[in-house]
Amino acid sequence: MGGNYKIAVIPGDGIGPEIVGQTLRVLDQIGVTYGHHFKYEEMLAGGCAIDATGEPLPVETVAGCQKCDAVLLGAVGGDKWDDLPGPKRPEMALLGLRGQLGLYANLRPALLYKQLRDACPLKPEIIGERIDLLVVRELTGGIYFGPKGRRDTAAKGQEAFDTEVYSEAEVERITRMAFEIARGRQRRVTNVDKANVLESSRLWRAVVTRVAADYPEVALNHMYVDNAAMQLVRDPKQFDVIVTTNMFGDILSDEASMITGSIGMLPSASLGQGNFGLYEPVHGSAPDLAGQDRANPIATILSAAMMLRYSFGLTQEAEAIESAVERVLEAGYRTGDIMSPGQTLVGTEKMGQLICEYIAKGA
Ligand code: NAD
């Protein structure tokens, strides 16, 4: 028996509507093949919301998302709104959604498809068979949200400070999420901190170690963040799931994403309590490509696969999308951003259509 799922859809600006359009097409194909029904509620956020309502994140959008099982977001922003003051900018919609929807964990997979190995800046012997890691970043605590300010000192002029603050409860919930996810992967978690210097990291590490005892089937190792930054380019194959703080995760997830070659291939998920989550590509609204059928929809389509896996528990359906993407790449189809000699160039719509066809044939 198939399920019924209600998805809040926020196409946003620039290429957002095009890549989200192809992603809904892929979800519809999953619905047909596996007997599910996906209901979409379209909502405004970002620049288009500013034009329509004067606000980047209308209250109706937050309320609407809260009534759905998950959120699919394209991208927001563009030159048209660049001169607006900070709180009125389209990107504020992203921070607002994360905060108001209580999304405390950010998941960014870095998966290098063997068909795109040439796009990876690392040497073939470092890449090996496959790179497939997942950064689980704490999203609502740490130094980005701790006490901050400036003060005048007589001797040294102005002083500024930011504070890293983590509670046991905050560390425990992100650690449990990382271990639960690792159970369905290769069962390895690397905790990244700076426990040789920071007191907050010492508490972080103690909590991670304590929680790990509840997951004896998952192996845990600890790594200082400076070493982790080095290991990601020296031997990325060693990682399965990396769990880390807000700031370290911000930096390491960008580093990890570089090894996959193209920003057009990178999905992400932001998860909160229960099964609720917001799913979006890592890239922005690419105004240079908007309306030209040139954007790569794969990052958004893979974000929908994450939605099926993490919010709806539909593992087989998520794998069907991922495998269809792999088969399409295998067959040599490429959008402009991942194009290489001898391959077939296709547009946004054709890429969506091909992925649907491979899902329909059981990839
Ligand atoms: P961007 O990610 O939009 O684009 C960077 C480069 O990558 C561009 O050359 C673009 O053409 C290319 N690119 C991005 N996505 C692609 C795709 N799917 N297929 C093919 N090529 C792709 O970043 P930017 O240019 O720095 O920002 C553009 C706008 O997007 C800005 O207004 C920025 O604030 C906003 N932005 C939004 C988000 C978001 O919504 N999550 C994230 C980053 C930037």
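I began with Ser 201 and listed its contacts, leaving aside neighbours within four places in sequence: Asp 193, Lys 194, Ala 195 and Phe 248. I note here that the model is a predicted one. Ser 201 has its place in helix α7. Is Ser 201 buried or exposed? I found a relative accessible area of 2% for Ser 201, so this residue is buried.

Helix α7 covers residues 199–212 and lies across β5 (131–138), β8 (188–193), β9 and β10 (241–244). Against β9, helix α7 runs at about 170 degrees.

I then turned to helix α8, residues 225–234. Helix α8 also lies across β5, β8, β9 and β10, but its angle to β9 is about 105 degrees.

In helix α8 I picked out Ala 229. Not counting residues up to four places away in sequence, Ala 229 touches Leu 252 and Glu 255. I also checked Ala 229 against Arg 294: they are 65 residues apart in sequence, and the C-alpha to C-alpha distance is 33 Å.

**The sheet**

In what order do the 10 strands of the open sheet stand? I read the order as β2-β1-β3-β12-β11-β4-β5-β10-β8-β9, and the pairing is mixed. At the edges I found β2 (37–42) and β9 (219–224). Each of these two has a single partner strand, so one side of each is left without a neighbour in the sheet. On average, neighbouring strands of this sheet are turned by 25 degrees against each other, direction ignored.

I kept one general point beside these entries: strands of a sheet pair through backbone hydrogen bonds, either parallel or antiparallel.

For an antiparallel case I took β4 (residues 105–112) and β11 (residues 267–271), which are joined by three bridges. Ala 105 has Leu 271 in β11 as its bridge partner.

**Strand β8 and its two partners**

How many of the six residues of β8 are buried? I found five, so β8 is largely enclosed by the rest of the structure.

β8 pairs with β9 in the parallel sense, over six bridges. In this pairing Arg 188 stands opposite Ala 219 of β9.

Asn 191 has Val 243 in β10 as its bridge partner.

**The ligand**

Last, I looked at what surrounds the ligand. There are 19 residues around it, and the closest are Glu 91, Gly 284, Ala 286, Asp 288 and Asn 296.

Which atoms of Glu 91 and the ligand are 2.3 Å apart? I found an N or O atom in the side chain of Glu 91 and an oxygen atom of the ligand. At Ser 285 the backbone takes part: one of its polar atoms is 3.1 Å from an oxygen atom of the ligand. At Asn 296 I found a backbone N or O atom 2.9 Å from a nitrogen atom of the ligand.

Notes
Residues are numbered from 1 along each chain as its sequence is written. This is a predicted model: local features need pLDDT of at least 70, side-chain atom pairs count only at pLDDT 80 or more; totals for chains, interfaces and linings use all residues. Side-chain values use heavy atoms; hydrogens and water are left out. Two strands pair if DSSP finds at least two bridges between them. Helices (H or I, at least four residues) and strands (E, at least two) are DSSP runs, numbered from the N terminus. Axes are lines fitted to C-alpha atoms, for helices over the stretch in contact, and angles run from 0 to 180 degrees between N-to-C directions. Contact means heavy atoms within 4.5 Å. Buried means under 20% relative accessible area, exposed over 50%, partly exposed in between (1.4 Å probe, protein chains only). A residue is near a molecule or strand if one of its heavy atoms lies within 4 Å of it. A polar contact is a pair of N or O atoms within 3.5 Å; within protein, one must be able to donate a hydrogen and the other to accept it, and residues adjacent in sequence count only if both atoms are side-chain atoms.
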